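Me: I have a structure to look at and would like to learn how to read it. Please take me through it feature by feature.

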Amino acid sequence: MLQVEDIHTYYGTSYIIQGLTLEVKDGEVVCLIGRNGAGKTTTLRSIMGLAPPQRGLIKFKGEEITGKAPFSIVRMGIGYVPEDRRIFPDLTARDNFEIARRGNSRKSSGGWTIEKIYEFFPKLRELEDHKGTEMSGGEQQMLAIARSLMGNPDLLLVDEPTQGLAPLIIESFVELIKSLKQEMSILLVEQNASFAFSVSNRGYVIDKGKILYHGSIDDLRENKEVHDRYLAV
Amino acid sequence: MMSKNKKEKMAGKGLTRREFLKASAGGAAGVAVAPYFAPRLAYGQKPIHVRCHSIYGGKAAVLGRSVTDGVNMWKDEVNRKGGILGRHVVTSFRDTRGKTEEAVRLAREAAASGEVDLLLDSCSSREAFAVKEVSRDLNFIIIATNSKTTELTANPKTRAPYHFRSAAQNLHDMAAGAKYAAGLAKKHGWTKWATIAPDYAYGRENAMFFIRFLKMYFPEAEILMELWPKLWEPDFTPYVTKMLGAKTQAVFTSQWGGDVVALLQQGALYGLHEKVKIFSIDLGDFTAINPVIKAFGKLPEGIYMGTRANPLTPATKLNRDWFNGFKKTYGYEPSGWSQQAYSGLLFYQKAVEKAGSTDQKAVRDALAGLEIVAPWGSPPEQKLALRASDHTNILYTEAWGKTVNKMPYVADVLTLSWDDIFKAEKEYFKEKGWV
Amino acid sequence: MDIASLLNCLADPGCMAGQIISGIIIAMVLFLVASGLSLILGVLGLLNFAHGSLYMIGAYFTYTVMASIGNFGVALILAPIGVGICGVILERFFIKRVYGLDALYQLLMTYAFILIFDDVVKFIWGIFDLSIRMPSLFRRPPVTAIGTIVPFYYLFLIVVGVLLVVAIWLFLSKTKYGKIINAAASDPEMLMCLGINVPFVYTIVFGLGSLLAGVGGALACPLRAITPGMGFAVIIESFVIVVIGGMGSILGTFVVALMFGLMRSFGILGFPFFELAFIYVFMAVVLIVRPAGLFGKVRI
Ligand SMILES: Nc1ncnc2c1ncn2[C@@H]1O[C@H](COP(=O)(O)OP(=O)(O)O)[C@@H](O)[C@H]1O
Ligand SMILES: [Mg+2]
């Protein structure tokens with residue numbers, strides 16, 4: 001589904017991603033964990049074309065997407081839920097869905113409709129006429145995810161969805177990710193490793209813009225360094 | 001104002017300074033006029049070089065064009081007759097873009113170049129005062145052809161020995177205009193007056209003079225209001241409704257060019273020129289008459305206007321020929337600006353001939369108090385003079401008339417007497433301590 | 001100072017109505033120009049000094065249509081569309097390069113276009129002031145109401161102005177495209193991440209803003225001389241209105257344009273020498289109290 005091969009990304013002159021390779025296969029949930037400032041967000045921004053890598057190759061469904069405009073990348077089937085949620089302050093939940101709705105020519109079956117979103121997130125039905133600024137953090141996060149689903153993605157990039165949310169809400173997000181997994185592949189960026197490991201098939205550990213370690217969730221759990229750094233409280 | 005995100009996303013391609021300069025040069029190319037140095041003449045004499053500084057861009061572009069063609073007309077006539085003292089005349093033009101610093105910089109450059117013999121300052125009053133100081137500094141002859149602000153030459157404390165004015169003067173124009181208006185007002189009992197003038201040196205000064213002289217000639221006149229739209233004001237409606245609301249009987253205006261057009265256009269919606277007698281000093285210029293005719297399908301009749309650069313003012317062959325010659329050569333009617341630049345050049349030509357050289361000092365001495373014959377000199381002699389005391393142009397035809405819808409668009413022309421103008425001037429100077 | 005005539009007028013319904021109408025008329029054309037400017041500033045973050053030139057081109061296009069076809073209705077449609085197309089071309093080739101750059105670059109680029117447009121206009125239409133006749137439909141005696149007269153064309157202007165403000169407001173707040181434009185104003189990058197071609201949206205917004213300036217130019221034609229540089233007379237006031245109204249707020253632009261018009265028409269009654277200074281003082285006060293403008297939201 002997604003191959004990232006040896007990408008190097010800069011912000012101005014700061015060298016942030018320093019030769020990173022990762023892969024997401026069909027139907028997988030893959031997590032990317034790392035400390036604050038490790039380069040997780042920049043990795044996602046590189047994939048989305050928001051911070052195009054200066055070197056390296058990114059392929060989606062076998063096609064190269066490096067250098068494409070973000071909106072064309074979205075149209076090819078990648079959804080993006082950014083870390084700060086980026087809810088449009090003046091728009092209602094429903095407005096958000098309307099502007100994010102894309103045709104689903106790529107998919108033979110179903111596709112997301114506003115009705116289907118409301119079945120999936122009953123809470124959003126109640127909030128349909130509320131503006132983004134009138135919602136709680138958990139609700140905003142739900143809206144951000146639901147909004148990107150309206151583009152019918154085959155791959156969803158989610159950046160720290162649990163950040164700043166109460167434990168109870170985080171628990172509900174486990175179920176959410178698990179059910180989304182039925183419909184698409186997911187690349188999940190997290191600092192909360194226990195949450196990430198509970199929903200993922202595989203994981204990568206990133207530090208200083210490089211992949212430090214990768215493997216199955218069980219491998220990662222057993223790795224002493226990973227355990228000490230990200231799981232020990 | 002800009003979100004950080006927008007900045008990141010759009011930062012891709014900036015416009016480099018070079019690209020920008022290239023882009024703007026395209027815009028400037030149309031207005032910069034390259035200097036023209038004529039080839040050496042057969043008789044090996046250095047040509048006489050007249051430099052003209054004017055405004056070629058924006059709304060004032062028409063000013064620059066009128067002036068330029070006035071200069072060109074003179075140059076062609078002189079060269080056709082073999083030049084001055086056997087020397088060919090060449091001209092060059094510079095765009096001050098209506099900016100005082102630029103006008104001063106260009107004037108210094110011209111005066112110091114050693115290439116230029118005469119500088120015509122054909123911008124507005126704003127630049128004229130600063131440019132006068134260049135003349136004072138460098139003892140270089142500069143003739144102001146556009147600035148009508150009286151103080152430019154009238155105040156003895158600020159006179160500059162090499163500085164002259166060939167433009168008409170607000171004081172003279174208004175002494176004449178007010179005399180004309182007072183005569184009609186007295187006859188018809190128009191006592192309730194308003195003034196509407198553009199809010200800058202020119203408008204402020206001539207409205208002040210008009211009121212002063214109107215009251216002098218017709219003490220019963222009551223000024224109901226003084227209105228000050230800014231120069232190039234797009235909206236005249238509230239001024240119109242205010243005048244009509246106060247039952248104004250007559251209004252003086254020094255709006256010029258597009259402004260007098262807009263005033264009449266918006267006024268017409270309320271019947272302004274039918275309900276109120278309009279005295280417009282600048283409607284008589286063809287730069288205003290032509291668009292007014294287009295806006296109304298004809299020239300509205302019965303408006304009183306000052307007329308300059310008109311074949312009827314004065315109605316002499318010399319003036320008619322000049323007007324028609326200009327129109328034939330350049331395809332449009334001359335404006336007051338063309339006329340005043342041309343006056344300045346006639347003075348210069350005569351002074352050089354009299355002095356026998358282009359030496360600055362000699363020409364200056366010849367210019368002071370010089371008398372010439374000019375198409376718009378007061379009939380019957382058609383004399384025009386550069387008064388020795390204050391280096392300003394006098395004796396040009398001061399005429400007003402009533403609009404009619406037929407070329408040359410003016411009827412019942414009254415030419416005002418310079419004796420009266422001098423009398424009014426003397427009184428004002430006395431009050432100012434300028435005698 | 002002429003406070004007496006202000007007080008007299010306030011006591012006389014006919015005079016009041018007359019000055020109110022003149023204030024509204026000032027507001028209508030200014031609103032059309034300012035609304036486009038506000039849209040462009042609010043959504044694109046661009047200080048478009050050349051906006052007044054687009055108004056000028058609208059007037060010249062109207063002149064040409066009137067000279068060739070002679071129908072004002074046709075001119076009112078063709079001229080703004082022509083200006084909209086000019087806007088699209090301008091944005092595609094030049095303006096898009098200065099988005100997000102320092103305001104100084106935007107100022108330099110758009111200022112250069114003021115000069116370029118003035119020269120283009122002089123080249124095509126000549127330097128002399130032009131004008132068109134009041135369209136024959138409106139050449140009829142004014143309507144008399146509430147003790148004042150209302151020129152027929154002014155009634156038309158008011159109707160068109162109000163219809164347009166309602167139409168723009170409905171478009172921006174009720175349609176999907178309006179919502180996309182709103183989202184582009186707050187977070188273009190996120191919008192792009194929802195698959196929206198934001199550069200295209202920008203072009204459309206610039207074109208729409210230009211079109212509105214074109215409508216202003218077309219409607220002003222029967223009231224003002226058409227001259228090179230005529231855009232300069234409206235651009236400063238439009239900026240004032242946009243800043244006080246809150247950039248990007250169409251309603252704010254409309255309300256402030258009305259306030260501006262009324263302040264002028266009554267200011268001319270009471271203190272004709274200072275009425276503009278008064279408005280600028282008002283602007284300064286608004287900006288101190290509400291830096292984002294009366295109807296603007298503070299955005300980071
Ligand atoms: N816009 C930017 N300009 C310069 N440096 C940045 C920018 N954004 C992030 N960085 C730097 O890049 C590094 C990686 O950041 P990020 O990808 O956001 O990390 P993470 O998401 O893992 O917390 C950090 O050192 C951060 O300071
Ligand atoms: Mg991050």
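**Reading cores, a helix and a ligand site**

Reply: Start with one residue: leaving aside neighbours within four places in sequence, A:I117 is in contact (heavy atoms within 4.5 Å) with A:F97, A:W112, A:L124, A:A146, A:L149 and A:M150. This is a predicted model, where local features need pLDDT of at least 70, side-chain atom pairs count only at pLDDT 80 or more, and totals for chains, interfaces and linings use all residues. Residues are numbered from 1 along each chain as its sequence is written, chains are lettered from A and ligands numbered from 1 in the order written, and side-chain values use heavy atoms, without hydrogens and water.

Me: Which residues have the most contacts inside the largest nonpolar core?

Reply: In soluble globular proteins, nonpolar side chains tend to be buried together. A nonpolar core is a set of buried Ala, Val, Leu, Ile, Met, Phe, Trp, Tyr and Cys residues joined through side-chain atoms within 4.5 Å; buried means under 20% relative accessible area (1.4 Å probe, protein chains only). Here the largest core has 217 residues, and A:F97, A:I117 and A:L124 have the most contacts inside it. Helix α2 (residues 13-44) of chain C gives the most to this core, 18 residues. Helices are DSSP runs (H or I, at least four residues), numbered from the N terminus.

Me: How many residues of α7(B) are buried?

Reply: For α7(B), 14 of the 19 residues are buried, so the rest of the structure largely encloses this helix. Just after α7(B), B:G189 takes a positive phi of about 75°.

Me: Where does ligand 1 lie?

Reply: Ligand 1 lies between chains A and B.

Key
Buried means under 20% relative accessible area, exposed over 50%, partly exposed in between (1.4 Å probe, protein chains only). Helices (H or I, at least four residues) and strands (E, at least two) are DSSP runs, numbered from the N terminus. A residue is near a molecule or strand if one of its heavy atoms lies within 4 Å of it.
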